Amino acid sequence: MNPVPFIDIHTHHLQAPEDTVKVGNIYPGDDIPVFTGKNFFSVGLHPWEIKSKDENNDRLLMMEDALELDHVIFVGECGLDKLAKTDFREQIRVFNVQAFMAEEYQKPLIIHCVKAWNEIMEWHNQNKPVIPWIFHGYNGSPEMTQQLSTKKILFSFGKALFEENSKAVESFRLLPLDKIFIETDEWEGSVEMVYEKGAALKNISSEILKEAVWENFNRIENVSFNI
């Protein structure tokens, strides 16, 4: 029986170790490598990349082309960021379009959120999406985590787990395993290091955490491939 792989649910790195299944982040219009068995992708218009309405609409059309590919399995990363220098009203419009795309294509939504929880959750409460949302690089408070975890929302953790007094550490300890993903994002450390840190915080083995994240990945994707 083959061992369960590591899942890196959100990364900007092109390469991944042999024992890792990765979901690489790409932007509309990027070349998409052919599927080799372990290289999945998400495509989205990041709030930092917001331009004019016409330019954004062109890139949203490019996204739809990419989402037709089976190994492009998530929409995003997208979201809202009040610290970004881009127009916030246009951020909201573009996020709304991508959230509806996730429903249309039935592909989970990877979300970047900075100081805009109210606006994002207002959309969720009004539209009640069926497809899961994943907050990546999650660093919300335990109180926020408890509220969000009652919905069809999952949480991806990365380098913030190494910050001893971070809200991410408290929230990670609070959440059940079936709500958790692991990521590297742009961090230069290995995904295995994040799993080891997460396992220590949960007082479980890395293998138990690997199996839980693997089950979560398959539950939301229903993808099948050789490992």
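Reader: What should helix 6 (residues 191-202) span at 1.5 Å a residue, and how far apart are its end C-alpha atoms?

Author: This is a predicted model, so the values are computed from its atoms. At 1.5 Å a residue, the twelve residues of helix 6 should span 16 Å. The end C-alpha atoms of helix 6 are 17 Å apart, which agrees.

Reader: Which residues of helix 6 are buried?

Author: A residue counts as buried when its relative accessible area is under 20%. In helix 6 these residues are Val191, Val194, Tyr195, Gly198, Ala199, Leu201 and Lys202.

Reader: Where do the buried residues fall when seen down the axis of helix 6?

Author: They fall within an arc of 160°, so they line one face of the helix.

Reader: At what angle do helix 6 and helix 7 pack?

Author: The angle is about 105°, and the two axes are 8 Å apart. Angles of 65 to 115 degrees count as roughly perpendicular, so helix 6 is roughly perpendicular to helix 7.

Reader: Which residues make that contact?

Author: Helix 6 contributes Tyr195, Glu196, Gly198 and Ala199. From helix 7 come Ser206, Leu209, Lys210 and Val213. By class, the contact has four nonpolar, two polar and two charged residues.

Reader: What follows helix 6?

Author: Start with the general idea: most residues other than glycine have a negative phi. Helix 6 is followed by Asn203, whose phi is positive, near 60°. Asn203 is not a glycine, and Asn203 is found in the loop between helix 6 and helix 7.

Reader: Is Asn203 buried or exposed?

Author: Exposed means over 50% relative accessible area. Asn203 has 71%, so Asn203 is exposed.

Reader: What is the phi of Asp185, and where does Asp185 lie?

Author: The phi of Asp185 is near 55°, again a positive value in a residue other than glycine. Asp185 lies in the loop between strand 8 and helix 6.

Reader: Which residues does a cis peptide bond join?

Author: In general, most peptide bonds are trans. Here a cis peptide bond joins Gly76 and Glu77, with omega about 15°. Glu77 is found in strand 4 (residues 72-81).

Notes. Residues are numbered from 1 along each chain as its sequence is written. This is a predicted model: local features need pLDDT of at least 70, side-chain atom pairs count only at pLDDT 80 or more; totals for chains, interfaces and linings use all residues. Side-chain values use heavy atoms; hydrogens and water are left out. Helices (H or I, at least four residues) and strands (E, at least two) are DSSP runs, numbered from the N terminus. The expected span of a helix is 1.5 Å times one less than its number of residues. Buried means under 20% relative accessible area, exposed over 50%, partly exposed in between (1.4 Å probe, protein chains only). The arc is that of the directions from the helix axis to the C-beta atoms. Axes are lines fitted to C-alpha atoms, for helices over the stretch in contact, and angles run from 0 to 180 degrees between N-to-C directions. Angles under 35 degrees count as roughly parallel, over 145 as roughly antiparallel, 65 to 115 as roughly perpendicular and the rest as oblique. Contact means heavy atoms within 4.5 Å. Ala, Val, Leu, Ile, Met, Phe, Trp, Tyr, Cys and Pro count as nonpolar, Asp, Glu, Lys and Arg as charged, and the others, Gly among them, as polar.
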